Amino acid sequence: MFRLRLLGTPELQTSQGSLKLPLERIAWLLTILAARADWVRREELMTLLWTEEVDTISLQQRLRQLLYRTKQFGVEGIETKAGRLRWTGQSDLIEFKAALQAGNELEALQLCQGELLEGVLPNDTEFAAWLILEREFMNNKRQEIALRLAQQSSPLEGLALLEGLPLNEEIVFAALRLASTANAITQAETIFAQYERVLLDLDEAPSIEIKAALEQVRNTATTLPTATVVTIPSALPHAPNPLLGREKELLWLQQQLTEYSVITVLGIGGIGKTSLALEAARAFQGEAVFVSLVGLENKSSFAPSIMAALGLSFISSQSLDDNLFATLSRRTTPLLLVLDNVEQCIETARDFATRFSAIAHIKLLFTSRVRLAVRVEHVLELHGLSLPKTATDLEQSGAGQAFLAAARRQKRWHPDPAEREAIMRLCRALTGAPLALELAAAWLRAMSIFDIETEILQSLDFLEGSLVDLPPRQAGLRATFLYSWRLLSAQEQRSLRRLSIFRNGFSKEAAIAVAGITHRDILSLSEKSLLRISGQRFSLHPLIREYTNQELRQVETDWHEVAVAHAAYYLNFIKHNQDKLRTYEQSTFLPILEQELDNYRAAMTWALSGNDQQLAMSLAMALTNFWFARGLLSEGIHWLEASLSNHQLPPSELLICTWTSLAQLQQMRGDLHTSILSVQQAISLASTLGYTQLLVDARSVWARSLNRLGHYEEMYQVCQETLQISQEPLFRAITLSWLGQAEMMARGNLIKATKYLEEALETIRVRGSVSGVALVVSALGLVAAQRQDFAAARACLEEALTITKKIGNRFGHSLHSINLGRIEMMAGNLLKAQEILQQSLSQSQDLAANRDVSYILIQLGHIAQRLGKPIEAKQHQHQALVIARELSDHRLQLEALIGLANIYFDQQQITTATEYLGLALYHPKSNREISIHGKNTLTALEKQLEPKKLKATMQKGIERGLETTVTLLLNLEKESVIA
């Protein structure tokens with residue numbers, strides 16, 4: 001057993017004992033592999049581990065030497081394959097992330113007993129930037145979990161949870177609060193002493209607030225004093241408009257100003273940093289002064305601006321900075337300095353924060369588009385205002401409040417429902433950015449909300465110049481963007497421009513592979529508030545992405561290069577992970593694909609726009625299992641049909657697979673006749689080109705469509721013929737599974753059906769296709785129910801449902817729920833069956849699986865009739881009939897007519913019941929299942945009607961025909977409802 005310990009001092013744990021890892025590239029390599037917990041390309045490893053500009057051959061040689069040294073050191077568990085590596089052993093880092101994903105926070109905290117690669121300080125490598133980002137993620141998660149669990153625990157248990165965490169003011173304050181509540185003076189003194197030693201190493205000292213908190217514990221008080229919010233006259237500019245939608249951020253800021261000396265309100269231009277800082281300053285208990293630093297150059301002193309705001313002047317041989325420091329140090333009352341827009345002089349801001357934060361009674365509140373990135377800094381990162389969920393709750397969302405307030409400053413206006421819908425869409429399009437909402441509302445003086453929405457959706461440049469009283473850097477969204485853009489280096493501009501290709505976020509690996517940037521570029525852009533970081537995922541603010549993407553498209557060669565790399569990356573990503581969609585790993589991989597879905601959509605859109613039809617086809621086809629598992633059948637069909645439309649590609653394996661994938665999704669959605677047409681295309685191509693396994697796969701989809709159509713005899717023949725050419729064990733097993741169902745449905749031969757299905761299940765279990773296992777055990781459950789072995793039937797269906805729930809296969813879970821409902825019906829447990837089918841109905845409606853909706857309604861109709869609820873039963877059958885007719889599904893229409901015949905017979909409407917029954921039983925599309933449902937009613941009619949009259953009445957229904965009968969029936973129903 002090999003286990004890596006990477007959280008803390010890195011070591012290798014084996015059955016013989018533990019061995020410390022050398023704090024160099026061996027540990028770096030193992031950490032990268034364990035952090036990824038998947039295949040990593042050799043090229044990526046070489047880029048991370050060596051910065052020197054050397055040729056590829058030399059780097060490859062270095063990596064081989066490193067792998068050799070790693071093995072010589074005694075490390076086993078590194079697997080290599082086709083230019084990629086992965087760690088196959090255990091690691092506390094892998095276990096930590098697995099515990100997080102499973103929601104086991106206490107387990108995750110117990111695993112995280114130290115900093116990632118403690119003691120490792122790599123310099124001037126890509127790995128250094130990578131490690132900083134990983135450590136930040138780990139430390140933030142560790143602190144977040146510990147603080148949350150500590151709040152939920154008793155004071156002493158909470159203190160124990162905080163032990164061992166890297167000490168900062170937030171942790172120390174939390175610990176002191178807990179110690180105060182528990183009167184744990186000894187623990188408080190120990191925590192304070194440890195924190196004081198940490199600060200001493202940095203040539204710093206605990207803040208006055210921390211000392212006050214410790215004093216409170218010493219006095220055995222049960223609560224810490226909180227600041228009283230008062231408003232006093234201060235040197236603050238007038239706010240032109242009230243602050244809306246920032247209640248939570250304002251409360252956080254007010255609380256932090258009682259505890260910390262340096263806080264930065266961070267965000268992109270136009271997000272509302274200054275307004276929030278001013279509102280917090282107005283509530284500050286003490287003097288508050290606003291200092292605008294717009295136009296100040298880097299390295300320029302802040303002292304003159306602050307002196308002017310405070311009304312100070314010095315006549316001294318000392319520097320202005322020293323004079324200001326000395327003057328402020330003598331203060332005995334609280335002072336808040338709001339230093340606005342420090343991003344263009346960030347180095348000066350860092351020096352100022354580090355020095356002046358040591359002064360008692362002084363609070364520094366910065367607003368910036370760039371982090372100060374100093375130890376004393378605490379950050380509040382602003383994003384857009386909260387968005388309305390519906391048009392009726394505009395006033396409950398921050399963005400809705402802000403837009404309506406801005407609109408009413410333009411004119412008296414009470415929007416009607418349609419206008420409220422437009423406002424909701426506009427708030428979402430502008431992502432709740434306060435400046436953008438203000439600029440949009442200004443146009444209401446000249447045009448309607450609908451015209452504004454149309455113009456904005458065409459181009460955000462429409463908002464330029466709608467307000468004239470804003471500073472030049474905020475005169476419009478583009479001006480706001482350009483202000484930030486000019487602060488970037490040429491390399492940062494290039495990186496940001498290329499990152500705009502992504503939609504809805506991206507991983508570090510994707511950014512490096514597609515945009516050609518480095519970990520240091522990512523770190524730099526995130527520090528400037530241009531990249532959002534959420535865990536291990538990054539994203540651009542939508543407005544930043546809009547403008548940088550325009551910059552990218554202006555450079556045609558760059559745009560094409562990045563678009564090609566983007567599409568190729570995501571195609572390779574899903575190809576290399578395709579096995580995960582067939583195993584229990586599906587449960588963790590499906591959410592990852594969902595996160596990347598907008599990137600796949602963008603890649604397919606670009607490829608379909610005339611750039612690469614084969615690439616579009618490959619992407620759409622590779623996502624088939626995802627479309628199916630998540631029930632996104634219509635979307636999958638759209639992309640597959642688009643990639644096949646007017647294709648000029650020669651016959652190929654890809655073309656066959658795409659037609660088969662399309663047929664599979666059409667069949668799942670219930671477009672059964674269309675599915676058969678599509679699969680015939682695949683069968684014809686596979687036969688012509690001699691691709692036997694692809695032919696077997698296509699014929700398997702054909703069999704499934706025939707099964708759902710109720711053409712069991714034809715399905716039986718297709719399966720028998722397919723079995724003759726099936727050679728590969730898994731494909732043969734799939735064919736056997738459908739042959740088993742055909743034996744049950746077409747022949748009623750349960751012994752043969754069980755034999756085929758069990759043989760198929762044995763192979764599929766060995767091959768690890770968990771979705772396949774679920775399908776076969778579900779079929780075995782139906783066979784067991786036919787044998788009246790309902791205990792075995794339920795066990796099979798419960799296994800199928802457990803599998804699909806575990807892997808996150810929504811569509812499969814819905815199908816197996818329907819089968820479980822059928823089994824409970826067969827067992828006579830009508831109320832239980834009704835409950836299960838009602839849940840299945842909701843699932844199928846959500847998935848837009850209309851054929852399944854119709855089938856479930858028919859079964860619910862049967863149940864309602866047997867429970868003595870004829871009106872409810874008739875409603876279900878009518879609804880099912882409407883859907884079945886829209887689908888042109890004759891079998892479902894006949895099943896609904898059988899249900900109605902049974903109801904009419906119970907109501908003694910004998911003629912109508914007989915006509916419907918005759919049509920359903922003797923229609924060419926009728927089958928064994930329909931006959932079974934009508935059997936009892938037919939037997940009862942034979943007792944009530946003489947044979948000649950029974951035959952004549954049935955014949956009347958047959959002659960009227962299915963289409964006419966259904967049309968008349970539904971028209972009569974409509975008329976009765978209107979009446």
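## Ile 903

Ile 903 is buried, with a relative accessible area of 1% (buried means under 20%, exposed over 50%, partly exposed in between, with a 1.4 Å probe and protein chains only). Ile 903 sits in helix 43, residues 890-906. Helices here are DSSP runs of H or I, at least four residues long, numbered from the N terminus.

Leaving aside residues up to four places away in sequence, Ile 903 touches Gln 865, Pro 870, Ala 873, Lys 874 and Gln 877. Contact means heavy atoms within 4.5 Å. Gln 554 is 349 residues from Ile 903 along the chain, and their C-alpha atoms are separated by 68 Å.

## Model and confidence

This is a predicted model: local features need pLDDT of at least 70, side-chain atom pairs count only at pLDDT 80 or more, and totals for chains, interfaces and linings use all residues. Residues are numbered from 1 along each chain as its sequence is written, and side-chain values use heavy atoms, without hydrogens and water.

The protein chain averages a pLDDT of 83 (the predictor's confidence in each residue, from 0 to 100), and 92% of the residues score at least 70. Over residues 221-234, pLDDT stays under 50. The model has 26 contacts for residues 221-234 beyond four places in sequence.

## Helices 21 and 22

Helix 21 (residues 490-499) and helix 22 (residues 508-515) have axes that come within 10 Å and cross at roughly 105°. Axes are lines fitted to C-alpha atoms over the stretch in contact, and angles run from 0 to 180 degrees between N-to-C directions.

Arg 494, Arg 498 and Leu 499 of helix 21 meet Ala 511, Val 514 and Ala 515 of helix 22.

Notes
Helix = DSSP H or I, 4+ residues; strand = E, 2+ residues; numbered from the N terminus.
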